[in-house]
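Visitor: Please take a close look at one part of this chain and describe how it sits within the whole.

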Amino acid sequence: MLGVLVLAIGIVVAVDRLYGHSSIAFAAAIVLLVIANAPMLRFNCPECGKNAFFRGLFVVPWPNRVCTSCGTALDTANPQKR
Ligand SMILES: [Zn+2]
């Protein structure tokens, strides 16, 4: 997620320097961020449905390896997500 954010900022800065300020590049970067975040919102525990990105009240940019609610090992349940 952090890498995608850096990539998105990099695209905006690069296009900005090459072509001048472009709202199209900015829009493309936002779309990229939304696409990168879409799987994150679906990353729920298969046992209890708790979102793996929530640690208590905090949202973390990487999924928990073990469900904080029921203790299911999430990295074995969703190996394609890592
Ligand atoms: Zn769970």
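Guide: A residue counts as buried if 20 or more other C-beta atoms lie within 10 Å of its own, as exposed if 12 or fewer do, and as partly exposed in between, with C-beta atoms placed from the backbone. None of the 18 residues of H1 is buried, so H1 lies largely in the open. Helices (H or I, at least four residues) and strands (E, at least two) are DSSP runs, numbered from the N terminus. This is a predicted model, in which local features need pLDDT of at least 70 and side-chain atom pairs count only at pLDDT 80 or more, while totals for chains, interfaces and linings use all residues. Residues are numbered from 1 along each chain as its sequence is written.

The chain holds three helices and two strands, in the order α-α-β-β-α. Of its 82 residues, 9% are buried.

The expected span of a helix is 1.5 Å times one less than its number of residues. For the 18 residues of H1 this gives 26 Å, which agrees with the 26 Å between its end C-alpha atoms. Just after H1, Gly 20 adopts a positive phi of about 90 degrees.

Ser 22 belongs to the loop that joins helix H1 (2-19) to helix H2 (23-42). Ser 22 is partly exposed because 14 other C-beta atoms lie within 10 Å. Two residues are in contact if their C-beta atoms, placed from the backbone, lie within 7 Å. Leaving aside residues up to four places away in sequence, Ser 22 touches Val 15 and Asp 16. The C-alpha atoms of Ser 22 and Val 12, 10 residues apart along the chain, are 7.9 Å from each other.
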